[in-house]
Structures are given as structure tokens and as C-alpha cells.
Amino acid sequence: MPSTRRLARKMSQAVGELSPGQVIIELGPGTGVCTRELLLMFPDNPIIAIEMNDHFATQLRRELPGVQILQGCASQLPQLLREHGIPLENVGAVVSGLPLLSLPRDITQAIIAAVVEVLPVGRPFIQFTYSTRAFSRLELTGLNPQPGRRVWMNLPPATVMPFTRH
Ligand SMILES: C[S@@+](CC[C@H](N)C(=O)[O-])C[C@H]1O[C@@H](n2cnc3c(N)ncnc32)[C@H](O)[C@@H]1O
């Protein structure tokens, strides 16, 4: 079930302030609900989306030509950014719609390590979850949790979980 616009808007608002040229990375854009909100909210910042699924990647390239879609696994994020010449110091935020609790544990931990590797200190990582309790069991070394925000207008209701790289 794709996220609602309400959830996508709350995810995008959690990005906060960006400087010109700072890049937003989106992990697991799917049909692009959150990508579209990011485009509306940050029309002047580059958006790079990492999607593993061939069908979604092709569809997003067709529908959102202003977004750079990189096809691959989010755990390869540092390599993907380097291959495409995107300096890591330009990363302003990472926004994730990945089902981190459903993926194999080693992949989830590799994705979190990849996010920590590319995020400059002080910059946000934003994830949503349907289970804050299960999410709190993940190892989130390098990320400081910030107050979450429940979004009832989603099926099922979700919590936006912002973190800051320390
Ligand atoms: C639950 S959907 C969320 C889609 C959208 N962000 C939303 O909120 O509606 C998860 C998306 O993550 C993608 N995905 C799953 N594992 C991935 C991985 N390891 N790397 C990149 N994308 C992945 C799936 O193909 C799917 O498009």
C-alpha cells in the first residue's frame, strides 16, 4: 500500500532547512508519493532516488524527469553516489521509505551503515515505521533519534522517525 500524501508531507517537512546545492537522497521511492512531495517542497535542491525494483525505477524515470533515479540496493549507497560523481559532503538529507523491518537483518544493518557513511554530521535521516517498538531494536549507531510524529491518516497509521547524524 503506497503511503498517503499526508505521511509523505510529514516526511518531507522533517528534512528541515537545506542550503542551495544540498542533495536529498530518497531510498525506496516506489511509486513516488514521497518524491513528489519532496519536489514540491524543495524545487531548487537536487533529488536522487535509489530504487531496486526495475518496474518502479523505469516508471519514475518516465514520470519524474527532474529526479535522478539510480537503480540498485540502498546498502550500496556510497558506491552508487561515487559512481555518479555526487560528492558525499553535498548530501543534505536521506529520506527512506524502505521496509527496514521486513528486510533481512544483515541488509537492514548494511543500509543503516551506508546512510551513516554518506550523511554529514548534523544532517537528518528520516524513516517511517508502523512499529516504533520493533524499530527501537535496530542498531542505529551514528544516529541520534529525534522526537517522532504519528500520522494517523495512513494505512496503517505510521510514525515519522527523524534521526540526526552525530
Ligand atoms: C514499502 S515500499 C515504499 C514506497 C514509497 N516510499 C511509499 O512510501 O509509498 C518500499 C520500496 O522500497 C524498495 N526497496 C526495497 N528494498 C530495497 C533496497 N534494498 N534498496 C532500494 N530499494 C528497495 C521497493 O522496491 C519499494 O519500492
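A pocket here is found on a 1 Å grid over the protein atoms alone: it is an open set of points with protein on both sides within 12 Å along at least five of seven lines. A molecule sits in a pocket if more than half of its atoms lie within 2 Å of its grid points. In this structure, the space taken by the ligand is the largest pocket.

A quick note on the ground rules: this is a predicted model, where local features need pLDDT of at least 70, side-chain atom pairs count only at pLDDT 80 or more, and totals for chains, interfaces and linings use all residues. Residues are numbered from 1 along each chain as its sequence is written, and side-chain values use heavy atoms, with hydrogens and water left out.

So who's around the ligand? There are 18 surrounding residues (a heavy atom within 4 Å), and the closest are Ser3, Gly28, Gly30, Glu51 and Ala74.

| Residue | Ligand atom | Distance |
|---|---|---|
| Gly30 | oxygen | 3.4 Å |
| Met52 | nitrogen | 3.3 Å |
| Ala74 | nitrogen | 2.9 Å |

Taken alone, the ligand exposes 600 Å², and the protein buries 83% of that (Shrake-Rupley method, 1.4 Å probe).

Now for the fold. The protein has six helices and eight strands, taken as DSSP runs (helices H or I, at least four residues; strands E, at least two) numbered from the N terminus.

Towards the end of the chain, Pro156 lies in the loop between strand 7 (149-151) and strand 8 (158-165). The peptide bond from Leu155 to Pro156 is cis, with omega near -5 degrees.

Methods
Polar contact = N/O pair within 3.5 Å; in protein donor to acceptor, adjacent residues only side chain to side chain. 1 Å grid on protein atoms, 1.4 Å probe; cavity = no way out; pocket = protein on both sides within 12 Å on 5 of 7 lines; lining within 4 Å.
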